[in-house]
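Hello,

Here is the structure we talked about, with the sequence alongside. Please open it first and then read the notes with the model in view.

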Amino acid sequence: MMRPEKGFTVWFTGLPSAGKSTLAELLAGKLLERGYGVEVLDGDVVRRHLCKGLGFSKEDRDENIRRIGFVCGLLTRHGTVAIAAAISPYRAIRDEVRHSVGNFVEVYVKASVETCIQRDVKGLYKKALAGEIKGFTGVDDPYEPPLKPELTIETEKESPQESVARILRGLEDLGYVQPLAEPAYTPEEEARIRERLVRLGYLEP
């Protein structure tokens, strides 16, 4: 089984319900199939365990992202692929995490607020729009899109499987993931080559 020469972090950022967690889990599965050691840090799960007690002020949100980034940095330095799926709405703290981690791939999961509202199975947007939740990203708290992400994935325009395939190609292009070895010939080409070699007497029929 192939192992990565170096660890790296894939950081999914975007509005709530843009598709970050779905893509993170699918990407983790694909990388596991290729023999990579992978850990997924989902924003909601991390808040329940690593960041329990933090609120939703800007300071607490930054601390939440800083803690996720710290874990990603540890995993990356030990040769693991860390995949973070967190809203991480503020550009400055994402850049801080990028600097501290080093091998960092920012994936902007782009979707309109209208689409995110339609996908919101928890009904959080509805509550935020009704004023029941304060400081909700995309409603009454800002989201600052990345200026130069390594990858931008527009989940309104393609399926999750297509998005993950593009992410994998991006990771290959960046040198973090080895491309899968493709066969030199298709089965049809191999059959034609064998037939020709038989005709020339190099192989038995």
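The notes below go from the overall layout to single residues.

Please keep in mind that this is a predicted model.

**Overall layout**

The protein has eight helices and five strands. Read from the N terminus, their order is β-α-β-α-α-β-α-β-α-α-β-α-α. Of the 205 residues in the protein, 41% are buried. If you take contacts between residues at least 6 apart in sequence, 74% of them join residues at least 24 apart.

Start with helix α3, which covers residues 58–77. It has 20 residues, and at 1.5 Å a residue these should span 28 Å. After α3 comes Gly-79, with a positive phi near 80°.

Helix α4 is made of residues 91–101, and its buried residues are Ile-93, Arg-94, Val-97 and Val-101. Looking down the axis of α4, you find these buried residues within an arc of 105°, so they line one face of the helix. What do the buried residues of α4 pack against? Their partners are β1 (8–13), α3 and β4 (104–110). On the face of α4 turned away from the buried side are the exposed residues Ala-92 and His-99. Just after α4 there is Gly-102, whose phi is positive, at about 95°.

**Nonpolar cores**

The largest nonpolar core has 33 residues, and the members that touch the most others are Phe-12, Leu-27, Leu-31, Ile-83 and Val-107. Two or more residues each come from β1, α1 (20–33), β3 (81–85), β4, α6 (124–129), β5 (151–154) and α7 (160–173). Helix α1 gives the most to this core, namely five residues. Apart from this core lies another one of 14 residues, among them Ile-68, Leu-75, Ala-84 and Phe-104.

Leaving out residues up to four places away in sequence, Val-107 touches Val-10, Trp-11, Phe-12, Thr-13, Leu-151, Ile-153 and Ile-167.

**Aromatic pairs**

A pair of aromatic rings is described by the distance of the centres and the angle of the planes. The count for this protein comes to four aromatic pairs. In one of them, the rings of Trp-11 and Phe-104 have centres 5.9 Å apart and planes at 35°, so this pair is tilted. Trp-11 belongs to strand β1 and Phe-104 to strand β4, so the pair ties together parts that are 93 residues apart in sequence. Trp-11 and Phe-104 are both buried.

Another pair is formed by Tyr-108 and Tyr-143, and this one is stacked, with 6.1 Å from centre to centre and 20° between the planes. Tyr-108 sits in strand β4 and Tyr-143 in the loop between α6 and β5, so here the parts tied together are 35 residues apart in sequence. Tyr-108 and Tyr-143 are buried as well.

Is Thr-115 buried or exposed? Its relative accessibility is 16%, and buried means under 20%, so Thr-115 counts as buried. Thr-115 is part of helix α5, residues 113–119. Its side chain makes a polar contact of 2.3 Å with the side chain of Glu-156.

The other two are serines in loops. Ser-17 is in the loop between β1 and α1. Its phi is near 70°, which is a positive value in a residue other than glycine. With 27% relative accessibility, Ser-17 counts as partly exposed.

Ser-88 is in the loop between β3 and α4. Here too phi is positive in a residue other than glycine, with a value near 40°. Ser-88 has a relative accessibility of 2%, so it counts as buried.

Regards

Conventions
Residues are numbered from 1 along each chain as its sequence is written. Side-chain values use heavy atoms; hydrogens and water are left out. Helices (H or I, at least four residues) and strands (E, at least two) are DSSP runs, numbered from the N terminus. The expected span of a helix is 1.5 Å times one less than its number of residues. Buried means under 20% relative accessible area, exposed over 50%, partly exposed in between (1.4 Å probe, protein chains only). The arc is that of the directions from the helix axis to the C-beta atoms. Contact means heavy atoms within 4.5 Å. A nonpolar core is a set of buried Ala, Val, Leu, Ile, Met, Phe, Trp, Tyr and Cys residues joined through side-chain atoms within 4.5 Å. A polar contact is a pair of N or O atoms within 3.5 Å; within protein, one must be able to donate a hydrogen and the other to accept it, and residues adjacent in sequence count only if both atoms are side-chain atoms. Rings of Phe, Tyr and Trp (its six-membered ring) pair if their centres lie within 6.5 Å; planes under 30 degrees apart count as stacked, over 60 as edge-to-face and the rest as tilted.
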